[in-house]
Amino acid sequence: MESYLISDNEDTLLGLNMAGVRGEVMTDDELIIKKIDELIDNPEIGIVILTHSIKVRIEEEVMARKLHAKNTLLVEVPGPGESIQSDFITRYIRESIGLKL
C-alpha cells in the first residue's frame, strides 16, 4: 500500500517526496474533497496525508470520511510554521475511531 499527500504548500510536498511519498499541492477545498474520495476508492492507497491547515478548513468532510473509510487511513501532518497540540495523540484517537476518552 502507498501513501499520498495533499498539501497546500510546496515545502511539505518536497519533504515527503524525499521520503518517497507521492502527492500534490491543492488549494481548492472542493477539489481536495474530490481527490480524497478518489484516493479512498483507490485500493493501492492505504494512507492519505493532509496538512493541518487543509484538515482545519474541511474538518467536517474529513471526519465523515475517516469514519467511513474501511481500508484507508486519513492523517494530518503540520505544515511549515504549524505545530501539533500537546494532546495530539488523544485527540487523534478520539477523532479516528469516534471514541470519547
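Guide: One definition comes before the rest: angles run from 0 to 180 degrees between N-to-C directions, with axes as lines fitted to C-alpha atoms. The model is a predicted one.

Visitor: Where does helix α2 pack, and what angle does its direction make with that of β1?
Guide: Helix α2 packs on the sheet, where it touches β1, β2, β3 and β4. The directions of α2 and β1 make about 180°.

Visitor: What are the elements of the chain, and in which order do they run?
Guide: The protein chain has 5 helices and 4 strands. Read from the N terminus, they run β-α-β-α-β-α-α-β-α.

Visitor: In which order do the strands stand in the sheet, and how are they paired?
Guide: The 4 strands make an open sheet in the order β2-β1-β3-β4, with parallel pairing. The twist from one strand to the next averages 20°.

Visitor: What makes β2 and β4 edge strands?
Guide: β2 (22-25) and β4 each have a single partner strand, so one side of each has no neighbour in the sheet.

Visitor: How do you know that β3 is paired with β1 and with β4?
Guide: Two strands pair if at least two bridges are found between them. Strand β1 (residues 2-7) is joined to β3 by 5 bridges, and 5 bridges also join β3 to β4. Both counts meet the cut-off, therefore both are pairs. Strands β1 and β3 run parallel, as do β3 and β4.

Visitor: Why is β3 called largely enclosed?
Guide: A residue is buried when its relative accessible area is under 20%. In strand β3 (residues 45-51), 6 of the 7 residues are buried, so the strand is largely enclosed by the rest of the structure. Over the 101 residues of the protein chain, the buried share is 38%.

Visitor: Is Glu76 buried or exposed, and how do you know?
Guide: Glu76 lies in strand β4 (residues 73-77). Its relative accessible area is 11%, and the cut-off is under 20%, so Glu76 is buried.

Visitor: What joins the side chains of Glu76 and His52?
Guide: A polar contact of 2.4 Å joins them. The limit for such a pair of N or O atoms is within 3.5 Å.

Visitor: Why do Lys35 and Ile40 fall into separate classes of accessibility?
Guide: Helix α2 holds Lys35 and Ile40. Lys35 has 18% relative accessibility and counts as buried, because buried means under 20%. Ile40, at 22%, counts as partly exposed, because partly exposed covers the values between buried and exposed, the latter being over 50%.

Visitor: How are α2 and α4 oriented to each other, and how do you know?
Guide: Helix α2 (residues 29-41) and helix α4 (residues 59-68) pack at about 10° with axes 11 Å apart. Angles under 35 degrees count as roughly parallel, and α2 and α4 are therefore roughly parallel to each other. In their contact, 4 residues are nonpolar, none is polar and 3 are charged. Ile33, Ile36, Asp37 and Ile40 in α2 meet Glu61, Val62 and Arg65 in α4.

Visitor: What is found at the start of α1, and what follows this helix?
Guide: At the start of α1, a side-chain oxygen of Asn9 comes to within 3.2 Å of the backbone nitrogen of Asp11. After α1 comes Gly20, with a positive phi near 95°.

Technical notes: Residues numbered from 1 in each chain as written. Predicted model: local features only at pLDDT ≥ 70, side-chain atom pairs only at ≥ 80, totals over all residues. Heavy atoms only, no water. Helix = DSSP H or I, 4+ residues; strand = E, 2+ residues; numbered from the N terminus. Buried < 20%, exposed > 50% of the residue type's maximum accessible area, 1.4 Å probe, protein only. Polar contact = N/O pair within 3.5 Å; in protein donor to acceptor, adjacent residues only side chain to side chain. Parallel < 35°, antiparallel > 145°, perpendicular 65-115°, else oblique. Contact = heavy atoms within 4.5 Å. Nonpolar A, V, L, I, M, F, W, Y, C, P; charged D, E, K, R; others polar.
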